[in-house]
Amino acid sequence: MADGGNGDDAEGAGVRAHVADSWVRSAAAGVHVDTVDAPITLPADALRDHREAHPLARVFPLLDDVLGQAARDCDAVMAVADAAGQLLWVCGSPSTLRRTESIGFVEGSNWDERLAGTNAPGVALRLDRPVNVIGAEHFRRSVQRWSCAATTIHDPSDQSVLGVLDITGGDDIVAPQTMAMVRAAARMAESELARELLVSARHASAQPTAHGGLGVLLEALGRNDALLTVDDGRGHRRTLRLSPRHSEILLLLASAPRGLSGDELAVLLYEEDSSASTLRVEMGRLRALLGEDLLASRPYRLVAELSGDWLGVEAHLAAGDVASAMRAYRGPLLPRSAAPGVVRLRESVGGDVRRAVLTSGRPDLMSAWTRSATGADDYEMWQAQAALLGPSSPLLPLVQNQLNRLDRELGAP
């Protein structure tokens, strides 16, 4: 089968692996091959507000100019969806848009593969990589006369997925050039978002700080090796990938602004008693890496204006902005760490996010939680979704299927 330039090898005359896996997921989620439309999960009034508030609204004019016009010229459509698979914009000629309406490929519809079956936007979101789905590879029969190519768009500040860019059309979409064009447009969008972020950062760095302009950003959510970005306040930045142990130490110090004594840090860092000399050796290595001006001792502390991705999540929660907290929460803090202090902090941050989502009364946030590896088997969250969804909601069968799966796995009577 033609590859279409997405980097997957054809398996002889068989089905490509990512397509076969998606078929299995689609069937398990209860999608029927004879279903014609994709479900609408963003009605017109909710769509308008959601679209205006979405970060991709800032780059949609660029995407429409670069890729949307090309789609119109070749009787295809360009679509931009959010990270949940909901189509925010669908652009094309009037005649092509009328044809895609017949399969429910319209603004506000949801193309998560668990709701709409195998399709390029849904699979790209699932795998977080460029994907094409060609004709009969689609799970639903109504979509099999179309082909599509899609790739995800990332937030340059934390590399989380903001959404997906797709072009859908006829047999011409299979050409490798199509995927190259989609990927180039997505990278342009990310570059523009990064430029806006840099302008904001320069404005912020122009403001006086309590540490002479020295600032650090620690990113540890969903990462086993934290990233540390050091800004000297004069326009020079360096980013370091820390070892697991140094990641733990800096996370603990960043969570204790007044600093920690050697004994306090050792208790938080080591599962078993460790000699003071072991900690001193680690701190000596870390000071050699960071420099004397950033890491002080007696007590050990960071001497800089500090920001961290988990602190951003906590700030959103404190402000009552659960949606922003959920977007910023990319996963547990240093998930492989067994350091007692890290474990407590990881459970605290993750627990705060989960409780906020569970009590939010918002099925969309609950759905985002259960799409994560952390929340996929969260029975209480699936139950809460089921209680909030109306009997006619297109999401209800998916939720009920997941509850049934967990009942079977947990051995419920």
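A cavity is a set of points, on a 1 Å grid over the protein atoms alone, where a 1.4 Å probe fits but cannot get out. Lining residues have an atom within 4 Å of a point. Grid points are joined across faces, edges and corners, and a volume is the space filled by probe spheres set on the points. The structure holds two cavities of 30 Å³ or more.

This is a predicted model, in which local features need pLDDT of at least 70, side-chain atom pairs count only at pLDDT 80 or more, and totals for chains, interfaces and linings use all residues. Residues are numbered from 1 along each chain as its sequence is written, and side-chain values use heavy atoms, with hydrogens and water left out.

**View A. The largest cavity.** The largest cavity has about 40 Å³ of space. Its lining is formed by Ile-103, Phe-105, Trp-111, Asn-119, Pro-121, His-138, Val-143, Trp-146, Cys-148 and Thr-168. By class, seven of these lining residues are nonpolar, three are polar and none is charged. Here Ala, Val, Leu, Ile, Met, Phe, Trp, Tyr, Cys and Pro count as nonpolar, Asp, Glu, Lys and Arg as charged, and the others, Gly among them, as polar.

**View B. The second largest cavity.** About 30 Å³ of space lies here. The lining comprises Arg-114, Ser-367, Thr-370, Trp-382, Gln-385, Leu-395, Leu-398 and Val-399. Three helices, α14 (363–371), α15 (379–388) and α16 (396–410), each supply at least two of the lining residues. Helices (H or I, at least four residues) are DSSP runs, numbered from the N terminus. The lining has four nonpolar, three polar and one charged residue.

**View C. Packing of α14 on α15.** The axes of α14 and α15 lie 10 Å apart, at an angle of about 150 degrees. That makes the pair roughly antiparallel (angles over 145 degrees count as such). Axes are lines fitted to C-alpha atoms, for helices over the stretch in contact, and angles run from 0 to 180 degrees between N-to-C directions. α14 passes α15 in a left-handed crossing, with the near helix turned anticlockwise from the far one by less than a right angle. Pro-363, Met-366, Ser-367, Trp-369 and Thr-370 of α14 meet Met-381, Trp-382, Ala-384, Gln-385 and Leu-388 of α15; contact means heavy atoms within 4.5 Å. Seven nonpolar and three polar residues make up this contact, with no charged ones.

**View D. The second largest pocket.** A pocket is an open set of points with protein on both sides within 12 Å along at least five of seven lines. Ala-29, Gly-30, Val-31, His-32, Thr-35, Asp-37, Pro-39, Arg-114, Leu-115, Pro-394, Pro-397 and Leu-398 line it. Both α5 (113–116) and α16 give two or more residues to this lining. Its classes are seven nonpolar, three polar and two charged.

**View E. Packing of α11 on α13.** Helix α11 (residues 309–318) packs on helix α13 (residues 340–358) at about 35 degrees, with axes 11 Å apart. The crossing is left-handed. Trp-310, Val-313, Glu-314 and Leu-317 of α11 contact Leu-345, Val-349, Asp-352, Val-353 and Ala-356 of α13. Seven residues of the contact are nonpolar, none is polar and two are charged.

**View F. Packing of α9 on α13.** Helix α9 (residues 262–269) meets α13 at an angle of about 65 degrees, with the axes 5 Å apart. α9 is therefore roughly perpendicular to α13 (65 to 115 degrees). Val-267, Leu-268 and Leu-269 of α9 touch Pro-340, Gly-341, Val-342 and Arg-344 of α13. The contact has five nonpolar residues, one polar and one charged.

Conventions: Parallel < 35°, antiparallel > 145°, perpendicular 65-115°, else oblique.
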